[in-house]
Amino acid sequence: MALEYRIHPAGAAAEPAKRQAGPGFRTKRQLAIALVDRACRMRLPFRAVVADAFYGKEPSVQEGLARLHVGYVLAVPPSYGWWHKAGSIGSMEEAARAAG
């Protein structure tokens, strides 16, 4: 049995700010983590969460999946960088250069 949820990020930008003020409002990223949490609680079998750069660049998504102990593969944009020690790889561009 295959179960697939798709969440499209395009809708978030189209939503007017005034609609986001409601008490039940949750971002697409929050909904994504909630869906994964629900799948875990229902014991639905899956190996990993795979998502595009909309989710991959957001630390809250990474933290939420780690908190749930779920494997994940998240795309990140080429410009994505992270805090790192001086002299170590700190962006996808640097990683690509190091790989040759």
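Arg43 lies in the loop between α2 and β1. In this predicted model, the phi of Arg43 is near 60 degrees, a positive value in a residue that is not glycine. At 74% relative accessibility, above the 50% cut-off, Arg43 counts as exposed.

**Backbone angles**

- Most residues other than glycine have a negative phi.
- His69 has a positive phi, near 60 degrees, and is not a glycine.
- The loop that holds His69 runs between α4 and β2.
- His69 is exposed, because its relative accessible area of 74% is over the 50% limit.
- Helix α5 itself is hardly covered, with a count of 0 buried residues among its 8.

**Packing of α2 with α4**

- Two packed helices are described by the angle and the distance between their axes.
- Helix α2 spans residues 28-41 and helix α4 spans residues 59-67; their axes come within 10 Å and cross at roughly 10 degrees.
- Angles under 35 degrees count as roughly parallel, so α2 is roughly parallel to α4.
- On the α2 side, the residues in contact are Arg29, Ile33 and Val36.
- On the α4 side, they are Val61, Gly64, Leu65 and Arg67.
- By type, the residues of this contact divide into 4 nonpolar, 1 polar and 2 charged.

**Nonpolar core**

- The largest nonpolar core has 12 residues.
- Its members are Ala32, Ile33, Val36, Val49, Ala51, Phe54, Tyr55, Val61, Leu65, Leu68, Val70 and Leu74.
- At least two residues of this core come from each of α2, β1 (49-51), α3 (53-56) and α4.
- Helix α2 gives the largest share, 3 residues.
- Ile33 and Val36 in α2, and Val61 and Leu65 in α4, belong to the contact between these helices, and these four residues are also listed in the core.
- Leu68, another core member, touches Ile33, Val36 and Asp37, leaving out residues up to four places away in sequence.

**Lys57, between α3 and α4**

- Lys57 is found in the loop between α3 and α4.
- Its relative accessibility is 42%, so Lys57 counts as partly exposed, a class that lies between the 20% and 50% limits.
- Apart from neighbours within four places in sequence, Lys57 is in contact with Arg29, Ala75, Val76, Pro77 and Tyr80.
- Among these, Arg29 is one of the α2 residues that meet α4.
- Lys57 and Pro77 are 20 residues apart in sequence, and their C-alpha atoms are 7.3 Å apart in space.

- Ser91 is found in the loop between β2 (72-74) and α5 (92-99).
- With a relative accessible area of 13%, under the 20% cut-off, Ser91 is buried.
- The side chain of Ser91 reaches the backbone nitrogen of Glu94 at 3.2 Å.
- Not counting residues up to four places away in sequence, Ser91 touches Tyr80, Gly81 and Trp82.
- Tyr80 is in contact with Lys57 as well as with Ser91.

Terms used: Residues numbered from 1 in each chain as written. Predicted model: local features only at pLDDT ≥ 70, side-chain atom pairs only at ≥ 80, totals over all residues. Heavy atoms only, no water. Axes fitted to C-alpha atoms, helices over the stretch in contact; angles between N-to-C directions. Helix = DSSP H or I, 4+ residues; strand = E, 2+ residues; numbered from the N terminus. Parallel < 35°, antiparallel > 145°, perpendicular 65-115°, else oblique. Contact = heavy atoms within 4.5 Å. Nonpolar A, V, L, I, M, F, W, Y, C, P; charged D, E, K, R; others polar. Buried < 20%, exposed > 50% of the residue type's maximum accessible area, 1.4 Å probe, protein only. Polar contact = N/O pair within 3.5 Å; in protein donor to acceptor, adjacent residues only side chain to side chain. Core = buried A, V, L, I, M, F, W, Y, C linked by side-chain atoms within 4.5 Å.
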